[in-house]
Amino acid sequence: MESTDFDEGDFEFSRNYFLAKESSTSVKRSTHKLSDIDIVDEQELREAVSNIEPKHEKEIDLLIKSYKCLYSKWAFELRAGFGLLLYGFGSKKALIEDFASTTLTGYSVLVINGYLQLINLKQVLITLCELLGDQLKAQRKTPSGSQRSYNALSIDDLIAFLDGPHVDGNECSICVVIHNIDGPGLRDSDSQQYLARIAACSHVRMVASIDNVNAPLLWDKKMVHTQFNWCWHHVPTFSPYKVEGTFYPLILAHGGTTQTVKTATIVLQSLTPNAQSVFKVLAEHQLAHPDDEGFPVNNLYSTCRERFLVSSQVTLNSHLTEFKDHELVKFRKNSDGQDCLYIPLTTEALEKVIEEISQ
Amino acid sequence: MGSIEAEDLQLCQNDENDLQPFFVLHKASNQRIERKSGGKARRRIDLSSSVHDNLDKSDTGEADELEKLRNEAFDCVWSKIKSVIKDALRDINLDVFNEIDRWVHESFDAITSRGKPEFAKVTCSYPIVSDATSKQLFSGLVLTRNMEVVDDLLTFADLGQHLKSHGCHVANLSSSDFSPKNGISGSIRSLLRKFLMVTLDVADISALASWYAEPGNHGNPVVVIIEDLERCCGTVLSDFILMLSEWAVKLPILLILGVATTIDAPRNVLSSNALQCVLPRKFKLRSPSERLDSIIEAVLVRDCSGFNVGQKVATFLRNCFLRQDGTLSSIVRALKMSVIHHFSMEPLSFILKGLLDEDDRQVQFSWKHETLPEAMLSRALDLPSYTKNKLGEPNGEILEQGLLQLRRSQKLWSSVLLCLYEVGKHHKISLLDLYCEALDSELWDTRASDLHSVLDDKLKVPEDIMHMGGSIFQAIRKVRDSSPVALCQLLDSWEALSEGLTEIQEKVKELQCLSKIDDSKNVNRELTNISRRHTSRNYTHTERDAQALNVRAATLIGSMVRDYMQPMECIPFHEILCFKNVDKLQSNITGDPRRRIQADLLESYKFLKCSCCRVNCNTPLPSMHDTSIMYALAQEHGDLINLHDWYQSFKATICLSTKSKQRLKQSPSPKKRKSAVEPQAINGASLQARFCRAVMELQITGLLRMPSKRRPDYVQRVAFGL
């Protein structure tokens, strides 16, 4: 019975996938360009993003408050050796920090912002060890006096310290809170392995959040069952991803051709007039022959020489290197096997660029 | 609203922290430590008096007190279960461990008999090798018969402990120590770390040799356990083995390699050079399903802790193993989660601690119902299982009696189940199947009536049972078909299993007497008629006798099943000991972010419970959460979404009226469209900002793939259907 349910679910999924695939090929794909939208200036857009009026504030507030009654249960699970993994749509940053500061007062709590790009886990480990060291000292379980320096220890030693034995039933633990354990800074397998080893330490409890639907793919069975030991909780909050989204580009500011036009223009304007003219030669050729694979390098040299734009192949090459570095031109071979240059912009975008630099 | 503002304020204050890779939120307050020590002191106080005294105070105090009691009860119950599991797993492999231990010591003797190196040679910092045979490493290949390495971590840790307790130096290494990234130096460093307990900068095996030359360490075998051979990098492991073989005379190292696939694995992984140095010996661990049966038997059937699970939960555990994950670890994890849920959801669960304190065979409690607070008592008397089949006057007495009865029938239930398992062991009927079937209260009802009708007519028993399905009936059938010797052994084991349960044991003994008489008859006949056995009439007579005995045994087990195997869920007050909420367990054990995050977006009104968005949930409404609108709109696209179209439909949804939506479709020019429909209130910038944020949020959830250079105007959908 259950196996048929499972198969149906599977079937449903693949059916949906192929339907979606089919509809995209059978129905003529829309050819509208993003540049057709009258996009406002990036500055203005960013300002508008920060001033978006929140919707359903009251309901979101109530929803988040409704999770408060779960706090004691979460703490119980944490105490029993499970890690808490919160998921569901919406930022869970405020929720977790509220939980940690109201309920986990008995633990020292360290927060890792996984949504940032760069996180040094060794530094995290050192801080964790310092916290644990302070805590143990406060309970006079270690001889007071000499302050241990954790900086010199290796990662293995640091983890071994966190995994030390509990002294006669005395619970002394630190809680590690990780916002977005699936975030860009922690997504690589090495970081996940280290986090798993930290989570498995006897003195460490872990609370983490995930937002990506594919986050479970980060972990193998060993990590899931014996190290992280997750207890999953579905807690959608619908709060905006304010901080978490800071480092994501705005689709209308970077995504379309407008941005490419803008960057291309900025780069070209910073180059010498001769270099700009070389680019123009290339652009004119591309606009005149939109179906060609590109402008052969030799032809470009002779054309530019004729117009007194360059005096030697070396000068032309230095211009081309500059273009290439800024991704203004690309090389490919045409059907005759000649090296060709082309500008990776659409015709409209190219027209706009020429217009801009000719002003 | 207030809290959102407060949150905003907090966000501003925490701005600095938000952009730090990590920060300390707070340090542990001493309050908890004091409270803890208070709790520890209280632990010594008698449970019953503490309940009574402390629960009279105030409501919050009462709740706190009960929570503490539950916490303590959880600690007791789980630590008991944990140790029982550990013991069960160790015991099942004990004979293999002993065999390995014998081999280690024999091999060590063989190594040392090659002649001890002189002291000067031992302390010199280069290896000494005189001939080829002394370069060989004794290697035990332990076949785990299990692809799930995670289940064998504990086995190898136990093996390590076992060998240590028999005087070996042991280091457990895993495949991560043999990664191509760190190379041979990485693996030697981890080896040194395991033995020398410090991290050395230089990976030099001579450090290990001089460590071994120290008086305390010398004279014992050095065992290196590599848990998962197949996952190791072949070249690194080969180098490692070659390196160890160079040092074989100075360092009597033995390898134990965990092999998940077949005995050929070393040949596939190692280089031929390394393979020549390996002197293999095969060992075989028990299979995962045998291990699982032993856990189920020890924890749930033998009822070590008083804690039980309902039929649905048992089926879930079974499915975890058979269909979903295939690991024992997942079952143990699910079991622990069940215990946690039971203690956090069932206020009366603290009674379990009282059950744990009692002697195994004596059904008695260390608590008395008089000590139970009024609220708890009335809760107990309101339990559905009690109200459904009321036994008498609802008072504390009845609860106590009920619990006694519950424990008693549980003991009967488990011994009948074990009797069945005793049959099943030899016929590939797993305990897990029997267990799940025995817990099923619906099956019990039908089975009881089936058995009733067939058992009344004693001659017909086996034939009727023959046609019934299910593991229990299968086991009963096997009793009928078993040979006289097997039946005799079976009866012996039944007798042992029914120890303390007179109603069963007497009947078993009766049958045992009969079988013994039969046996002696057989022996006599065999002595006299040994040559004429095949044709003799006596023989057929004997056969009939034996069969009659089989029928009687089958009838006995059938009636035991009918009379004593009442599933727990049919008995009053079982809720106190039995965890049944399978949905809760499932959602906590395996989160389903892929489905649930999509459902959050598509059914946001269910969570926000607002009045505005519920009208028509099929079409997105402007009042809905922006990202919800966007995701709902995305459902109408194929695998690629044109950003421009998406933006326009988002705009149309936000701008509300359906008329303007129509007009939108008709006028392709963006400028016209803008002037035609855009209301004053929503300006372009804020609309675009909302669009951008919704796309960004969908990107965070991983439901969208961003435009590529090849397709700058399209985003790609990642998930199709819930």
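How many residues does the contact take from chain B, and how many from chain A?

1. The contact takes 97 residues from chain A and 85 residues from chain B. The model is predicted, and the predictor assigns the complex an ipTM of 0.81 together with a pTM of 0.78.

2. On the side of chain B that touches chain A, helix α35 (residues 684–700) of chain B supplies the largest share, 14 residues. By residue type, this side of chain B divides into 38 nonpolar, 27 polar and 20 charged residues.

3. Strands from the two chains also pair. Strand β1 (residues 22–26) of chain B and strand β2 (residues 108–113) of chain A run in the antiparallel sense, joined over four bridges. Within β1(B), Phe23(B) stands opposite Val111(A).

4. Chain B itself contains 35 helices and eleven strands. Of its 722 residues, 40% are buried. Among the contacts in chain B with a separation of 6 or more, 76% join residues 24 or more positions apart.

5. The mean pLDDT of chain B is 78, and 76% of its residues reach 70 or more. In residues 359–364 of chain B the pLDDT is below 50, and this stretch has five contacts in the model beyond near neighbours in sequence. Residues 657–681 of chain B likewise have a pLDDT below 50, with 20 contacts in the model beyond near neighbours in sequence. Where pLDDT is low, the predicted coordinates should not be read in detail.

Notes: Residues numbered from 1 in each chain as written. Chains lettered and ligands numbered in written order. Predicted model: local features only at pLDDT ≥ 70, side-chain atom pairs only at ≥ 80, totals over all residues. Contact = placed C-beta atoms within 7 Å. Nonpolar A, V, L, I, M, F, W, Y, C, P; charged D, E, K, R; others polar. Pairing = 2+ DSSP bridges. Buried ≥ 20, exposed ≤ 12 C-beta atoms within 10 Å, placed from the backbone. pLDDT = per-residue confidence, 0-100.
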